[in-house]
Amino acid sequence: ILDDAGWTVEAGQRWIVLGPNGSGKTTLVRVAGLYLHPTSGTVEVLGHLLGRTDVRRLRPRIGYVSAALADMLRPGVPAVDVVMAGRDAALETWWQPYGDEDRAHALELLDRLGIAEVADRPFGALSSGERQRTLLARSLWGTTTGLVLLDEPMAGLDLGAREDLVSRLAELADRPDTPATVLVTHHVEEIPAGFTHALLLRAGRVVAAGPILDVLDSDSLSDVFGLPLVLERCEGRYTARARRAEHPTATTRP
């Protein structure tokens with residue numbers, strides 16, 4: 001699925017992983033999130049070599065948001081418990097003791113994401129946007145969190161919910177206390193302002209990686225998606241469209 005996909009994320013960086021369906025984006029973040037082991041090569045996460053560390057102890061330091069995680073959560077679990085369980089990278093709060101301080105911190109995180117009012121509602125009863133913000137709050141749980149991985153968090157959201165989440169991610173990107181963040185998408189319109197770097201994938205290989213202003217342009221985007229595209233940037237946000245074919249304005253016949 002991935003072939004020679006060398007990549008390094010440094011502290012404080014905000015990365016976009018961009019590419020078409022099937023390019024290996026989700027596989028890449030599942031490896032970074034310690035849910036998959038590569039068949040070859042090496043992976044080091046937060047100073048620990050994958051295969052020589054106890055991933056159960058390391059996962060609480062990695063914030064992870066994905067559709068797969070949402071599907072594993074029991075619908076009846078209150079939103080505040082979903083956030084609290086992030087302390088131990090768990091699905092529920094049954095296995096470890098949680099106290100008033102934990103609940104207060106979970107409520108503060110939900111409030112930071114603008115959804116404090118849903119704290120006691122069942123996760124399955126939340127809207128798509130509320131569920132995504134709950135998972136994002138969970139991913140920001142601890143001061144020891146060193147990496148946040150967001151696998152297509154805008155998938156399935158309507159325009160309003162998408163723009164709200166993009167704005168909140170832009171605010172988090174501006175906070176110096178936000179850990180290194182990786183956002184997976186295949187839509188440039190979902191790139192928040194303030195993200196610093198881009199990794200472009202196609203068919204499991206890295207097409208380009210580096211500072212976003214150096215890497216992301218019409219030519220590189222066209223190469224990744226395999227058709228002529230025009231990329232435009234305005235106020236830190238991007239839009240893309242297919243390049244219009246040029247047609248002659250007049251035809252003459254001899």
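Visitor: Which element gives the largest share of the lining of the largest cavity?

Guide: Rolling a probe the size of a water molecule over the atoms shows where empty space is left. This is a predicted model, in which local features need pLDDT of at least 70 and side-chain atom pairs count only at pLDDT 80 or more, while totals for chains, interfaces and linings use all residues. Residues are numbered from 1 along each chain as its sequence is written, and side-chain values use heavy atoms, with hydrogens and water left out. In this model the largest share of the lining of the largest cavity comes from β4, with three residues. Helices (H or I, at least four residues) and strands (E, at least two) are DSSP runs, numbered from the N terminus.

Visitor: What counts as a cavity, and what as a pocket?

Guide: A volume is the space filled by probe spheres set on the points, which are joined across faces, edges and corners. Searching the whole structure gives two cavities of 30 Å³ or more. The largest cavity holds about 150 Å³ of space, and of the 14 residues that line it, Arg59, Ile62, Gly63, Tyr64 and Ala89 are the closest to its centre. Both β4 (62–65) and α6 supply at least two residues of that lining.

Visitor: Which residues line the second largest cavity?

Guide: Its lining is made of Arg14, Leu136, Leu140, Val148, Leu150, Leu169, Leu172, Ala173, Thr178, Thr181 and Phe195. Two or more of these come from each of β5 (147–151) and α7, and α7 gives the most, with three residues. The volume of the second largest cavity is about 60 Å³. By class, its lining has eight nonpolar, two polar and one charged residues, where Ala, Val, Leu, Ile, Met, Phe, Trp, Tyr, Cys and Pro count as nonpolar, Asp, Glu, Lys and Arg as charged, and the others, Gly among them, as polar.

Visitor: How many residues line the largest pocket, and which lie nearest its centre?

Guide: The largest pocket, with about 860 Å³ of space, is lined by 34 residues, and those nearest its centre are Leu28, Val31, Ala32, Thr42 and Val43. The elements giving two or more residues to this lining are α1 (25–32), β2 (44–45) and β6 (180–185), and α1 gives the most, with four residues. The lining of the largest pocket divides into 18 nonpolar, 12 polar and four charged residues.

Visitor: At what angle do α6 and helix α7 pack?

Guide: Two packed helices are described by the angle between their axes and the distance between the axes. Here α6 and helix α7 (residues 159–174) pack at an angle of about 15°, with their axes 10 Å apart; axes are lines fitted to C-alpha atoms, for helices over the stretch in contact, and angles run from 0 to 180 degrees between N-to-C directions. Therefore α6 is roughly parallel to α7, a label for angles under 35 degrees, with over 145 counting as roughly antiparallel, 65 to 115 as roughly perpendicular and the rest as oblique.

Visitor: Which residues make the contact?

Guide: Taking contact as heavy atoms within 4.5 Å, α6 contributes Gly129, Gln132, Arg133 and Leu136, while α7 contributes Ala161, Asp164, Leu165, Arg168, Leu169 and Leu172.

Notes. On a 1 Å grid over the protein atoms alone, a cavity is a set of points where a 1.4 Å probe fits but cannot get out, and a pocket is an open set with protein on both sides within 12 Å along at least five of seven lines; lining residues have an atom within 4 Å of a point.
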